Amino acid sequence: MNRSEQLQALETDTIWDIIIIGGGATGLGTALDASLRGYKTLLIEGHDFAKGTSSRSTKLVHGGVRYLEKGNIKLVREALRERGYLLKNAPHLTSVQTFIVPVFSGWEKLFYGLGLKVYDLLSGKLSLGDTQILSKKETVAHLPSINAEKLAGGILYYDGQFNDSGLAIEIAATAIKKGATVINYCKATGFIKNNDKITGVECLDVLSEKKYSLKTKVVVNATGVFTNAVVQMDDYTEDDLVSPSQGIHLVVDAKFFPGIDAMMIPKTDDGRVLFAVPWHDKIVLGTTDTPVDTVSFEPKPLEEEIEFIIKHINRYCTTLITRADINTVYVGLRPLVKQKTKVSSALISREHHLSVSLSGLITITGGKWTTYRKMAADAVDNAAFIGKLNKEKCSTANTQIGDELEKENRIQEILKDDASLAEKIHTKYPFIKAEIVYAVKFEMAICIEDILARRIRLLFLDARLAIEIAPMVASIMAIYLQKDKSWEAAEVKSFTELAGQYILK
Ligand SMILES: Cc1cc2nc3c(=O)[nH]c(=O)nc-3n(C[C@H](O)[C@H](O)[C@H](O)COP(=O)(O)OP(=O)(O)OC[C@H]3O[C@@H](n4cnc5c(N)ncnc54)[C@H](O)[C@@H]3O)c2cc1C
């Protein structure tokens, strides 16, 4: 993935078959699907790939246990099928994860036991393993730090886990290999219309500030929580389509949850589920669901959300977590499709929404990471119809994402040129310096944040440590991007400011 090469395609007088705005899960999935169908495809992302919600998930590839409780079988079955495809097509970025639900009465054991057996049954041939009912002793063996005082036992079930932004970047790389043009830091700023129909997109290369006017047969708006702005760029009289709801995660050391199992709390005080999931050598705790008024690239956690997670998790643990134990707090915004009636955002369906405006703009939003492939397929089916493209079949269900071997070979090439890059970026983590070079050369990383937030996930694992190593990252990047010391200093300053927001004061 080379950004300059990708940008060259904008210099030509191409009429694109499809332009996709937004490089999160939905947009990137759409670009991959469209390129596989042979359409001349362009994706522009205003920031870095997965800068929005797609790097801020709980990292679960799941059917959504709680939708089952609401009786939404169709939604769960579809997501479980997608879970199966994702684990099959991106095995190096996903894994099977065991979850334990602690229960405190015979009734809970029966209720959650049966529910999670149905959850597994719904996955059919794509089952990841049988749901098991555990005794108290077995539950403690799986969750050694659990407060066993009133514990009656537990339920063990299987779901998936993944590296969200890693997957986004590898979907981008795969789409490029299949013929798409995919560019980060390139923002859609307006539409070109002919007889009230969209025939092109105005965009800005944020890095060079160069403007482009691009021609296309159809446009897909996949901008997540930023959907309203793009919809209103098409028609300023349109009402807001999406309402943001915030979810925070706290990341703590694994000592609070020793072992390999995740814990799922099936009912918090506000009727939600809460997870404690192992991720690298840390535990991700989350999430919340708080309706907010404004959208932002860096949403802030609310005090009550932090307290909510700590309070609930501590009810289950013997080693109590305090604010001082939090390595990182990260926040994402759910793009929930607005409903006319006032309902709690925890109850609004995560099923995705697709609409076509009078001018032909296709907007796809909602859903979840797990179902990005299905959302993309729907978007491309509709785009083919609106753009009068040749009807071609979707083939993403059987398309491998990324190329692990190619990455490994490239890293070896980098190390051949400079053996010192085999050094770890920090003694506490397995990542090596050559991965920084790889991200610059092959993954379109432009700044420290691109590296430490979305290529090597240190900002999400340990924000203080990310700040500590930022100068080293800048100095390596500067060599390969041909930047000077003042660039390094400015980069370190802006990353330090950003990362400060991931640390609890
Ligand atoms: C707290 C939380 C936890 C979650 N956990 C899970 C989970 O564990 N598993 C799961 O399956 N799902 C999960 N989800 C849901 C999932 O993360 C989202 O549904 C998904 O990431 C949305 O992707 P998207 O591409 O639609 O939006 P985004 O990832 O937000 O992407 C939209 C992109 O559009 C870009 N953009 C905006 N305006 C423009 C413009 N004018 N020009 C160009 N680009 C533009 C933005 O920069 C952004 O990168 C979670 C969501 C939240 C909030």
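Setting aside neighbours within four places in sequence, L28 touches G23, L43, F49, A168, I171, A172 and A175, where contact means C-beta atoms, placed from the backbone, within 7 Å. This is a predicted model, so local features need pLDDT of at least 70 and side-chain atom pairs count only at pLDDT 80 or more, while totals for chains, interfaces and linings use all residues. Residue numbers start from 1 along each chain as its sequence is written.

**Nonpolar cores**
- L28 is among the residues with the most contacts inside the largest nonpolar core, which has 137 residues; the others named are A172, A383, L452 and V473.
- A separate core has six residues, including V225, V242, L333 and L336.
- A core here is a set of buried Ala, Val, Leu, Ile, Met, Phe, Trp, Tyr and Cys residues joined through C-beta atoms within 7 Å; buried means 20 or more other C-beta atoms within 10 Å, exposed means 12 or fewer, and partly exposed is in between.

**Helices packing on α15**
- Helices are DSSP runs of H or I with at least four residues, strands are E runs with at least two, and both are numbered from the N terminus.
- The axes of α13 (residues 448-455) and α15 (residues 463-481) come within 9 Å and cross at roughly 125°; axes are lines fitted to C-alpha atoms over the stretch in contact, with angles from 0 to 180 degrees between N-to-C directions.
- That makes α13 and α15 oblique to each other, given that under 35 degrees is roughly parallel, over 145 roughly antiparallel, 65 to 115 roughly perpendicular and the rest oblique.
- On the α13 side, I448, I451 and L452 meet A466, A470, V473, A474 and M477 of α15.
- The axes of α12 (residues 434-442) and α15 come within 10 Å and cross at roughly 40°, so α12 and α15 are oblique too.
- Here I436, V437, V440 and K441 of α12 pair up with V473, I476, M477, Y480 and L481 of α15.

- Most residues other than glycine have a negative phi, and most peptide bonds are trans.
- N195 has a positive phi near 50° and sits in the loop between β8 (186-194) and β9 (197-205); N195 counts as exposed because it has 6 C-beta neighbours inside 10 Å.
- E209 has a positive phi of about 65°, lies in the loop between β9 and β10 (210-221), and is exposed, with 7 other C-beta atoms within 10 Å.
- The G286 to T287 peptide bond is cis, with omega near 15°, and T287 is in the loop between β14 (282-286) and β15 (290-291).

Definitions and conventions. Contact = placed C-beta atoms within 7 Å.
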